[in-house]
Amino acid sequence: MDIKIKSVKDKAIKGINNSELLIVILFALVLSLKCNNIIIDIIAVTIMALICMFTKMERLICIMIFMFFFEGVAKVDILGGSIARLTITISFIRILVEVIKNRIKFNKKNKMTILLFSLLLIISIITKNNVIAAVITYLNIVTLILFNSYFSSSLSNVNSEALYENIKKFLALSVFLAIVYGLVTNNFLNEHRSGYENLRFNGVKDPNYMALYINIGLIFAISCKSFFYKRSKLILIISLIVGIVLTKSTTGILLSSLTMLLYFLLLKKSILLGFIKRNRKRVLIISTILLTICMAFSIVFINNYSKKTHINEYGVEVGNNRVSDIIVAFKQKDFDRLTSIRTLIWREHLTYFNNKNLINKTFGEGVMVNRVYSSYWEKEMLSHNTFIDLLNSMGVCGFILFIIFMVNKFKNNKILNYKLPKGNFEYRLLLSILLLYGMMLSLYPERIIMFIFLL
């Protein structure tokens with residue numbers, strides 16, 4: 001009997017250490033939480049806890065990745081929030097034990113990061129600035145740094161290149177399943193703007209963040225080498241592109257186009273040039289036809305939509321849909337409306353920063369970012385700009401350290417203990433896309449973004 005139980009246990013552990021099977025189990029657990037049944041919730045939480053306790057460390061970090069995407073929708077009443085909290089807590093305890101037991105030392109970068117956020121946490125506690133949220137964010141950051149130190153050490157006995165490839169595959173599949181989740185649960189947002197409605201795909205968060213997630217998944221899906229079949233990889237990439245179009249995120253669609261263009265120009269230049277040389281006439285004919293079709297379509301599209309306008313209650317001409325509103329705003333040089341009121345919010349947050357005392361300007365306000373009242377939306381909001389958020393949160397000193405950190409990230413081109421081969425720009429491309437997104441969204445302290453930067 002004992003042998004039989006041990007055999008079942010061994011098979012279960014082997015199963016949760018298989019990437020494809022593991023991600024299907026995790027997705028099933030997240031979907032089961034939509035039943036809103038306490039018994040099902042208890043079973044899901046128990047299974048999740050057991051998986052996190054018994055899986056290998058390299059799989060545990062993949063589970064964290066998955067839950068970072070689904071934390072907004074995987075809510076459980078008995079935990080008082082997302083099931084991601086359970087995953088993070090178990091991960092923190094397990095990795096802390098490993099680091100202490102093996103006496104793993106931190107490198108200078110990790111020491112400086114912990115020191116910076118420890119000081120910010122002290123400021124948060126002293127000023128009573130979102131203390132609970134600050135502590136949770138601080139523990140998330142420490143957990144990621146512990147994982148970084150563990151996998152960067154020789155004691156982990158993990159092939160860094162293989163781990164990186166597996167993380168890329170797991171991340172791309174997690175984003176794909178986030179799209180599936182949004183479609184299955186019909187998670188769409190019906191935006192009501194002045195004079196028109198705009199139906200956008202939420203997925204697992206709001207459309208803009210979902211577009212960001214899909215862009216991250218797209219970079220890793222294109223570059224990942226560990227898919228068994230090329231056809232499945234192609235289906236995955238097409239699904240991600242369809243998902244990003246459904247979000248109707250202008251930034252997301254432009255950056256996904258830029259992502260694919262830069263990827264093939266930087267990473268696949270030799271393959272692309274070889275193909276063009278072998279098929280010069282065909283490429284020229286097809287390119288000419290596609291360019292002509294795109295130009296004709298653009299002219300008809302813009303002429304058709306630019307005419308769909310009306311005068312709002314303030315006597316201002318606005319569009320009847322998102323496309324025509326952008327065109328009208330561009331003609332009127334109304335950059336606030338062109339950027340969905342972002343530039344107005346930026347000015348209000350920078351004014352808030354200028355009105356601070358010298359100490360807060362220099363050392364910041366704490367771990368969390370304070371919301372500032374928006375005169376347009378008539379409520380407190382984040383700045384929709386990560387750099388302004390970091391300046392307000394960390395102060396000038398912390399902001400300068402962030403810039404130095406980013407310069408080193410680009411210079412080293414390294415993730416975990418794996419130095420990417422010379423000429424491999426995929427990680428730098430990802431960081432560039434995230435920094436561009438940071439101009440339009442508040443990415444701090446999004447867990448998946450911290451994961452990408454800290455690992």
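Author: Axes are lines fitted to C-alpha atoms, for helices over the stretch in contact, and angles run from 0 to 180 degrees between N-to-C directions. Helices (H or I, at least four residues) and strands (E, at least two) are DSSP runs, numbered from the N terminus. This is a predicted model, where local features need pLDDT of at least 70, side-chain atom pairs count only at pLDDT 80 or more, and totals for chains, interfaces and linings use all residues. Residues are numbered from 1 along each chain as its sequence is written, and side-chain values use heavy atoms, with hydrogens and water left out.

Reader: At what angle do helix 4 and helix 20 pack?

Author: The angle between helix 4 (residues 57-70) and helix 20 (residues 447-454) is about 140 degrees, and their axes lie 8 Å apart.

Reader: What makes the contact between them?

Author: Contact means heavy atoms within 4.5 Å. Helix 4 supplies Ile61, Ile65, Phe68 and Phe69, while helix 20 supplies Arg447, Ile448 and Phe451.

Reader: Why is cysteine 35 called partly exposed?

Author: Buried means under 20% relative accessible area, exposed over 50%, and partly exposed in between (1.4 Å probe, protein chains only). Cysteine 35 has 47%, so the label is partly exposed. Cysteine 397, at 35%, is also partly exposed. Buried residues make up 49% of the 455 in the chain.

Reader: How many disulfides are there?

Author: A disulfide is a pair of cysteine sulfur atoms within 2.5 Å. The search of the whole structure finds zero.
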